[in-house]
Amino acid sequence: MNALIAEFIGTAVLILLGGGVVANVVLKDTKGHNAGWMVISTGWALAVFTGVIIAGPYSGAHINPAVTLANLILNKMTLMLGMQYILMQVLGAMFGSFVVWYMYKDHFAQTDDAGAKEAVFCTRPAIFNPKINLISEIVGTFVLIFSILHFTNPTTHQGETFGLGSIGALPVGFIVWAIGLSLGGTTGYAINPARDLGPRIVHALLPIKNKKSFHIAYAWIPVVGPLIGSAIATILYLYITT
C-alpha cells in the first residue's frame, strides 16, 4: 500500500458506493427504486466518508483533484506527485463505475430511461445554463475545500492524544451531505472532476443500450468548475490566515 494505490482504491470505493446509491434509486426493479434525493445525498456523503477512511492514512485521502489542487497551491506536494494523484483518482473512478455497472447490469437492461442510466455515472444539470451551472460547481467546491482547509489535527496534551481516529473523516461526509442537500439541485454537485469525468468516459465506452451522448457541451463544467472553486477557496484561506 502506498499513496498512489490508496488514491486509486479510495476513489474507486467512493464511486462504487456513490454510483451504487444512484443506481439503487433510479434504475428499474431495484430494492431502493424511487427512494429519493435524501437517500442519494446520504449515500454519497457516506461514500466520501468510506473513501477517506481507506485512503487517509496513506495519501491524506484527496480522492478528488480539487483537493489535490489545493495542496499544490499550498505547496504541500510537488507538481509531479500531484499529477500522479489525479491520474490515480480518475482511474479509480473509472474502475468504481465499471463495477457498479456490472453489478447492476440486469437493472440497466430493465431501464428504458437514458437519463437515469447516465445519472449512475455522471452529472447533468436540471436546467442547462452553462454560466449558472459553472457557478454552481464553483460554489459547491468552494464550500467543500474552504471547510476542509479549516480542519484541525488531533492534539496532544500531557502525553495523551485527543482525536477521533477514523471518525475524524466524518466531517467531510457531513460537508458533502450538506452540499448535496442545499446546493446539489442545479447540477447534481459533482464537486470532483475525477468523480464526473472518469465515469462519464466509462459510460461512453460501455455497451449500454439507449444511452445519452457524452454531452461535450456540458462535460467540461464538472471538471473546470471544481478546480476554479478550489483555487478561490485556497487563495482566500491563505489570505485570511497569513
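Trainee: What covers the buried residues of H7?
Mentor: The cover includes H3, helix H8 (170-183), helix H10 (216-219) and helix H11 (221-241). Keep in mind that this is a predicted model.

Trainee: Which residues in H7 are buried?
Mentor: Asn133, Leu134, Ser136, Glu137, Ile138, Gly140, Thr141, Leu144 and Ile145. Look at the spacing with a helix in mind. An α-helix has 3.6 residues a turn, so residues three or four places apart point the same way.

Trainee: How many residues has H7, and how far does it reach from its first C-alpha to its last?
Mentor: H7 has 19 residues. It reaches 27 Å, close to the 27 Å expected at 1.5 Å a residue.

Trainee: Back to H3. At what angle do H3 and H7 pack?
Mentor: About 50 degrees, with the axes 11 Å apart. H3 covers residues 65-73 and H7 covers residues 130-148. The two helices are therefore oblique to each other.

Trainee: Is the crossing of H3 past H7 left-handed or right-handed?
Mentor: Right-handed. On the H3 side, the contact is made by Ala66, Val67 and Ala70. On the H7 side, Thr141, Ile145 and Ile148 make it.

Trainee: How do the residues of that contact of H3 with H7 divide?
Mentor: Five are nonpolar, one is polar and none is charged.

Trainee: Now H7 and H11. How do their axes cross?
Mentor: At roughly 45 degrees, coming within 7 Å. H7 and H11 are therefore oblique to each other. Their crossing is right-handed. The residues of this contact divide into 16 nonpolar, six polar and one charged.

Trainee: Let's pick a residue. Where is Ser230 found?
Mentor: In helix H11.

Trainee: Does Ser230 count as buried or exposed?
Mentor: Buried, because its relative accessibility is 0% and the cut-off is under 20%.

Trainee: What does Ser230 touch?
Mentor: Leaving out residues up to four places away in sequence, Ser230 touches Ala66, Leu69, Ala70, Thr141 and Ile145. Ala66 and Ala70 belong to the H3 side of the H3 and H7 contact, and Thr141 and Ile145 to the H7 side.

Trainee: How far apart are Ser230 and Ser97?
Mentor: They are 133 residues apart in sequence and 24 Å apart in space, C-alpha to C-alpha. Ser97 is one of the buried residues of H4.

Trainee: Tell me about H4, then. How many residues has it?
Mentor: Helix H4 (residues 79-103) has 25. From first C-alpha to last, H4 reaches 36 Å, close to the 36 Å expected at 1.5 Å a residue.

Trainee: Which residues of H4 are buried?
Mentor: Gly82, Tyr85, Met88, Gln89, Val90, Gly92, Ala93, Gly96, Ser97, Val100 and Trp101. What covers them includes helix H1 (3-26), helix H2 (37-59), H3, helix H5 (105-110) and helix H9 (193-205).

Trainee: H9 is new to me. At what angle do H9 and H11 pack?
Mentor: About 165 degrees, with axes 8 Å apart. H9 and H11 are therefore roughly antiparallel to each other, because the angle is over 145. H9 passes H11 in a left-handed crossing.

Trainee: What makes the contact between H9 and H11?
Mentor: Pro193, Asp196, Leu197 and Arg200 of H9, against Pro222, Val223, Pro226 and Leu227 of H11. They divide into six nonpolar, no polar and two charged.

Trainee: Last one. Where is Ser41 found?
Mentor: In helix H2. Ser41 counts as buried, at 0% relative accessibility.

Trainee: What is Ser41 in contact with?
Mentor: Apart from neighbours within four places in sequence, Ser41 contacts Trp177, Gly180, Leu181 and Tyr189. The C-alpha atoms of Ser41 and Ala178 are separated by 8.4 Å, though the two are 137 residues apart along the chain.

How values were computed. Residues are numbered from 1 along each chain as its sequence is written. This is a predicted model: local features need pLDDT of at least 70, side-chain atom pairs count only at pLDDT 80 or more; totals for chains, interfaces and linings use all residues. Side-chain values use heavy atoms; hydrogens and water are left out. Axes are lines fitted to C-alpha atoms, for helices over the stretch in contact, and angles run from 0 to 180 degrees between N-to-C directions. Helices (H or I, at least four residues) and strands (E, at least two) are DSSP runs, numbered from the N terminus. Angles under 35 degrees count as roughly parallel, over 145 as roughly antiparallel, 65 to 115 as roughly perpendicular and the rest as oblique. A crossing is left-handed if the near helix is turned anticlockwise from the far one by less than a right angle, and right-handed if clockwise. Contact means heavy atoms within 4.5 Å. Ala, Val, Leu, Ile, Met, Phe, Trp, Tyr, Cys and Pro count as nonpolar, Asp, Glu, Lys and Arg as charged, and the others, Gly among them, as polar. The expected span of a helix is 1.5 Å times one less than its number of residues. Buried means under 20% relative accessible area, exposed over 50%, partly exposed in between (1.4 Å probe, protein chains only).
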